[in-house]
Amino acid sequence: MATRRSARLSAAIDTTKVAEAAAAPAPAPAPAPSRKRKAVATRESAEDESEAAPSTPQRRRPLKRTIDSVPETPTPAAVNLIAEPASRNATTATPKPKSITRLTDPNRTNALLLSPQTSRVVTPTSTSEPPPTPSRPVTTSDSLLSKAEAHLIKVDPRMKPLIQAHHCRIFSPEGLAEKIDPFESLTSGIISQQVSGAAAKAIKKRFISLFCPSHEQRQQQQEEEEEEEEEEEEENPAKRFPTPLQVSQAEISTLRSAGLSQRKAEYVRGLAEKFVSGDLSAQMLADASYDEVLEKLIQVRGLGKWSVEMFACFGLKRMDVFSLGDLGVQRGMAAFVGRDVAKLKGSKKGKWKYMSEKEMEEISERFRPYRSLFMW
């Protein structure tokens, strides 16, 4: 009896549990693993495997510079910065300078130079050209380029299609009307050494920003000006290139914060000190002969012969400069005389030579006194 009763009770309890389980809602299905979780799990498993069996990473082989790869020449990037008009009074919307007819001389400085400290316009005080005659009129800023082009074509008719296809704005009446700050131009030449054009531009922009007045100072200056000038300044805030005195008083660490290397920062500050002391000046660069300019500037740390040649040509706008060591000029001259520059190779030491300096000098001698235009 007791055994039967306990069996009936356990059966009743089991029946009750089954009924309750049937009445209860079904549990929610487990969510399917997402792609993200699968990726994490895969990565974790890969990390576990890598920890378990570490492998030695493959050594990267250094890229060998082959003798067939043509080295780049910094000429275009440097020229763009060196030939830029002075940014001392520049705004974001600078009007094009008006051409003003003035006397020029192919053997002297033809640029309108700005005194770096005072922004005073400096022009050469003398000219080496002989007095004009009816058969030989004077050379002016309006006629300098056309006269030079006619001379090049007369010497070698092959220059005519090159001149027609590539207008040289640097020596045009518009280019000669631009004002050049020699300190800014030389500093730009140092900045552009061994870097790309885009990098040089960015570094120069940050360099200028180091010496720009703060927002409060600019706002105070605007309040003191007239209402019209104040509105114009708000629309186009000027970023002026620093003066030599400002740069000479700056710390090397401050100059380096613009992206300059330690040596370039020292070179730029040393150049500024030369202008502050009067050892270099816009008037001297305007009046001196090419040999004097070359001798004086090469003594400045950071300025080699190539940098001075580019500055004399595209900064001072002297018409008879020729750079024998420039790779771009060598390559262009080799192509000009009909050589296949693609097949020309450098020496075993990797020093490129498309044409000997002696041969370049002999060819360019015929184009005096307009070798700058021939080189361009």
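View 1. Helices here (H or I, at least four residues) and strands (E, at least two) are DSSP runs, numbered from the N terminus. Everything in these views comes from a predicted model, in which local features need pLDDT of at least 70 and side-chain atom pairs count only at pLDDT 80 or more, while totals for chains, interfaces and linings use all residues. Residues are numbered from 1 along each chain as its sequence is written, and side-chain values use heavy atoms, with hydrogens and water left out.

View 2. Which residues of H13 are buried? They are Lys264, Ala265, Tyr267, Val268, Leu271, Ala272 and Phe275. Buried means under 20% relative accessible area, exposed over 50%, and partly exposed in between, with a 1.4 Å probe and protein chains only. On the face turned away from the buried side of H13 you will find the exposed residues Arg263 and Ser277. Packing against the buried residues of H13 are H7, H8, helix H11 (244-248), helix H12 (252-256) and helix H14 (282-287), where contact means heavy atoms within 4.5 Å.

**View 3. Helix H4 and what covers it.** With 12 residues (144-155), helix H4 reaches 17 Å from its first C-alpha to its last, close to the 16 Å expected at 1.5 Å a residue. Leu144, Leu145, Ala148, Glu149 and Leu152 are buried in H4. They cover an arc of only 125° around the axis, which puts them on the same side of H4. The cover over these buried residues includes helix H5 (159-165), helix H6 (173-176) and helix H19 (371-375).

View 4. Side chains of opposite charge can pair when their charged atoms come close. A search of the whole structure finds 13 salt bridges, each a side-chain nitrogen of Lys or Arg within 4 Å of a carboxyl oxygen of Asp or Glu. One of them joins Glu184 to Lys204, with the closest N and O atoms 3.1 Å apart. This pair links distant parts of the chain, as Glu184 lies in helix H7 (residues 182-191) and Lys204 in helix H8 (residues 197-210), 20 residues apart. Are these two residues buried or exposed? Glu184 counts as buried at 3% relative accessibility, and Lys204 is buried too, with a relative accessible area of 5%.

View 5. The closest N and O atoms of the salt bridge between Glu359 and Arg339 are 2.5 Å apart. Glu359 lies in helix H18 and Arg339 in the loop between H17 and H18, so the pair ties together parts that are 20 residues apart in sequence. Glu359 is partly exposed, with a relative accessible area of 25%, and Arg339 is partly exposed at 34%.

**View 6. Val341 in the loop.** The loop between helix H17 (327-336) and helix H18 (357-364) also holds Val341, which counts as buried at 14% relative accessibility. Leaving aside residues up to four places away in sequence, Val341 touches Arg331, Ala334, Ala335 and Tyr354. The C-alpha atoms of Val341 and Tyr354 are separated by 7.3 Å, although the two residues are 13 apart along the chain.

**View 7. A sheet of 3 strands.** This open sheet has the order E2-E1-E3, with mixed pairing; two strands pair if DSSP finds at least two bridges between them. Strand E2 (121-122) and strand E3 (179-180) stand at the edges, each with a single partner strand, so one side of each is left without a neighbour in the sheet. Strand E1 (residues 112-114) and E2 run antiparallel, joined by 2 bridges. Leu114 stands opposite Val121 in E2.

View 8. How many disulfides does the structure hold? The count is 0, taking a disulfide as a pair of cysteine sulfur atoms within 2.5 Å. The sulfur of Cys168 is 7.8 Å from the closest cysteine sulfur, in Cys313, which is too far for a bond. Cys168 is buried, with a relative accessible area of 1%.

Conventions. The expected span of a helix is 1.5 Å times one less than its number of residues. The arc is that of the directions from the helix axis to the C-beta atoms.
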